[in-house]
Amino acid sequence: MAFALPPGSTIGILGGGQLGRMLALAAARLGLDVAILTPDEDSPASRVAKTTFVAPYDDPDALAALAKVSDVVTFEFENVPARVVEILAGLGAVVAPGAKALAVAQDRVDEKSFINSVGVSTVGFEGVNSAIECEEAVARIGVPALLKTRRDGYDGKGQRWIRDAKDAAAAFEALGAPCILEAPAPFVRELSVVAARGRDGAVAAFPLGENHHENGVLRRTLAPAAVSPETEEAAQDIAGCILEGLDYVGVLAVELFELENGDLLVNEIAPRVHNTGHWTQDGCLTDQFEQHIRAVAGWPLGPTTALARTEMTNLLGSEVDAWTLLAGEPGVCIHLYGKRHAAPGRKMGHVNRLTSL
Ligand code: AMP
């Protein structure tokens, strides 16, 4: 495949949720078409895409059909089975980001080991595969410590604090899967940096976001975060090391803990566009969705300069019912995902509230 892909080319996307939808909308602005592969009928992304294949992610026929129509294939979530990328590669499809980024992001132990291997700090951690190993790891790391499943955790699910060493075995049994035990991060703030690497190796980071969670789910991002120039630079360096280390193409998000002395630890990475980057849709010259499409299509990366101070608020569950009020509020940009059912806590949309810098 010759890059840059010209307008009229097709981007294949694994996943049909809101991230796929916003990627498809950004691709459309650049004159590119999108084909979606999703197991769900009537998905948010399929309603704005040129083509949709509804099938399990590892369905060989559907993957062959996706590969045939796509000039490059990307994904909107990281828990795509690893063999999917192998099948696509076997079909001659160009996949971005690649298999390494997926493998690293799917396993919390591999993820932290990789992050440390490129010279970036995380909390102390140990992989634990049994109740006894959990007790032994708690004896070394101390309490409190946070036990998380190695795989498939999201929005704070699959996690348990161990506050007393005698609860270690029971915590492992309750999660019932291979785990990671983490030392507590004494953070004063949670920040994130969303950054992109192009096919030519160019890297561009957006200004940092300051993130606030409720019940393990992102509620609000304030950006550009009020941080020192040193912190901004340190976060950009961290993102650069990770992007280089993964030989990455596309947008990646790095969740950070800011410690009292200003040091940063990486909590986790997401090899995709990210909820903490939604503020860029209205707050930056280029948004994270366009940036990802530019990167995977081999276009030059766009400028990441902030245009406004932005407060991004997720609309969870029935909060989306206030859409008329929100749409009428001055300085508010509203983004709805077109989901048919507003289950409690489900991400239905978000608003960006803008004020001048
Ligand atoms: P995660 O699923 O790893 O993103 O964790 C969800 C949330 O749990 C984070 O946003 C933090 O607020 C908190 N958390 C995760 N890991 C740690 C840790 N090692 N120490 C303290 N808080 C943590």
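Because the model is predicted, local features need pLDDT of at least 70 and side-chain atom pairs count only at pLDDT 80 or more, while totals for chains, interfaces and linings use all residues. Residues are numbered from 1 along each chain as its sequence is written, and side-chain values use heavy atoms, with hydrogens and water left out.

A nitrogen atom of the ligand, in turn, is 3.0 Å from a polar backbone atom of A183. The protein covers 87% of the 470 Å² of accessible area that the ligand has on its own, as given by the Shrake-Rupley method with a 1.4 Å probe. Helices (H or I, at least four residues) and strands (E, at least two) are DSSP runs, numbered from the N terminus.

I turn now to helix α10, residues 288-296. How many of its nine residues are buried? Nine of the nine are, so the helix is largely enclosed by the rest of the structure. Buried means under 20% relative accessible area, exposed over 50%, and partly exposed in between, with a 1.4 Å probe and protein chains only. At the start of α10, a side-chain oxygen of D287 reaches to within 2.7 Å of the backbone nitrogen of F289. Just after the helix, G298 takes a positive phi of about 80°.

My next topic is the aromatic rings. Rings of Phe, Tyr and Trp (its six-membered ring) pair if their centres lie within 6.5 Å; planes under 30 degrees apart count as stacked, over 60 as edge-to-face and the rest as tilted. By this rule there are two aromatic pairs. In one, the ring centres of Y57 and F77 are 5.2 Å apart and the planes meet at 50°, so the pair is tilted. Y57 is buried at 15% relative accessibility, whereas F77, at 22%, is partly exposed.

F187 and F257 form a stacked pair, 4.8 Å centre to centre with 5° between the planes. F187 lies in strand β9 and F257 in strand β13, so this pair ties together parts that are 70 residues apart in sequence. F257 is buried at 10%, while F187 is partly exposed at 38%.

Finally, G124 is found in the loop between α5 (108-117) and β5 (125-128). Is this glycine buried or partly exposed? At 41% relative accessibility, G124 counts as partly exposed. From K112 it is twelve residues away in sequence and 9.1 Å away in space, C-alpha to C-alpha.

Terms used. Polar contact = N/O pair within 3.5 Å; in protein donor to acceptor, adjacent residues only side chain to side chain.
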